[in-house]
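Work through the exercises below with the model open beside you. Try each task before you read its solution.

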Amino acid sequence: MTPESGPAPRSKAWLAVAHSVGTSCVMLARRQVHLPKDNVGRVLRFADGSTSRVYRETAVDRLPAEPCVLVVAFTLRLVRGRAHRLFEAESILNTPLFVGFPGFISKLWCAHDTFGAYRGLYEWDGAERARKYASALWRVLELVSVSGSISYKVLPGLRREEVLADPARIAAAGTDHAWWRLRAKK
């Protein structure tokens, strides 16, 4: 996989993550974070031939003024077999690492695909905010991921639900790096 861009400087990234955790705690206390079930169990097909099951959805109470879709992919180190289910269960604890970032709207948590990569399919308010989040997230992911497996793609002007309903909407975003492009059901 090839990244859209690389990681943020470590000090900047960890400061942003710490800020997100603080903001997330306030949001959680105010019950502004939800776990909708609408997409849980949905199987997503990608242009690289892989498929992935949505195992969780996280959303907040706001609509984007400048919608964009963000797709993040990574492969975990040392996680095999039943450990994937354990990771899925414990990953709820990672919620404060991203919910408090400016612009977060929602995330579909995708289980490891047929090639072993996990994906997050996000909706974000603002492409630049999505890029800043993804470059900070990189620093968290690099602690647990196979070297060279972290990638992200920002797709400005798109709503996640529109892309899920009609994957052809992202075809105009380019044909590079098929790992991020959704495909329609056969």
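The model is predicted: local features need pLDDT of at least 70, side-chain atom pairs count only at pLDDT 80 or more, and totals for chains, interfaces and linings use all residues. Residues are numbered from 1 along each chain as its sequence is written, and side-chain values use heavy atoms, with hydrogens and water left out.

**Exercise 1.** Decide whether Arg 31 is buried or exposed, and locate it.

Step 1. Arg 31 is in the loop between H1 and strand S1 (33-34); helices (H or I, at least four residues) and strands (E, at least two) are DSSP runs, numbered from the N terminus.
Step 2. Its relative accessibility is 69%, so Arg 31 counts as exposed (buried is under 20% relative accessible area, exposed over 50%, partly exposed in between, with a 1.4 Å probe and protein chains only).
Step 3. The phi of Arg 31 is near 60°, a positive value in a residue other than glycine.

**Exercise 2.** Decide whether Arg 119 is buried or exposed, and find a polar contact of its side chain.

Step 1. Arg 119 belongs to strand S6.
Step 2. Its relative accessible area is 3%, so Arg 119 is buried.
Step 3. The side chain of Arg 119 makes a polar contact of 3.2 Å with that of Ser 50 (a pair of N or O atoms within 3.5 Å; within protein, one must be able to donate a hydrogen and the other to accept it, and residues adjacent in sequence count only if both atoms are side-chain atoms).

**Exercise 3.** Which residues have the most contacts inside the largest nonpolar core, and which element gives the most to this core?

Step 1. A nonpolar core is a set of buried Ala, Val, Leu, Ile, Met, Phe, Trp, Tyr and Cys residues joined through side-chain atoms within 4.5 Å.
Step 2. The largest one has 33 residues, and Leu 70, Val 72, Tyr 122, Trp 124 and Tyr 133 have the most contacts inside it.
Step 3. H3 gives the most to this core, with nine residues.
Step 4. Apart from this core lies another, of 17 residues, including Leu 121 and Trp 179.

**Exercise 4.** Which element gives the most to the lining of the second largest pocket?

Step 1. On a 1 Å grid over the protein atoms alone, a pocket is an open set of points where a 1.4 Å probe fits, with protein on both sides within 12 Å along at least five of seven lines; lining residues have an atom within 4 Å of a point.
Step 2. Of the 14 residues that line this pocket, those closest to its centre include Lys 12 and Phe 101.
Step 3. H3 gives the most to the lining, with five residues.
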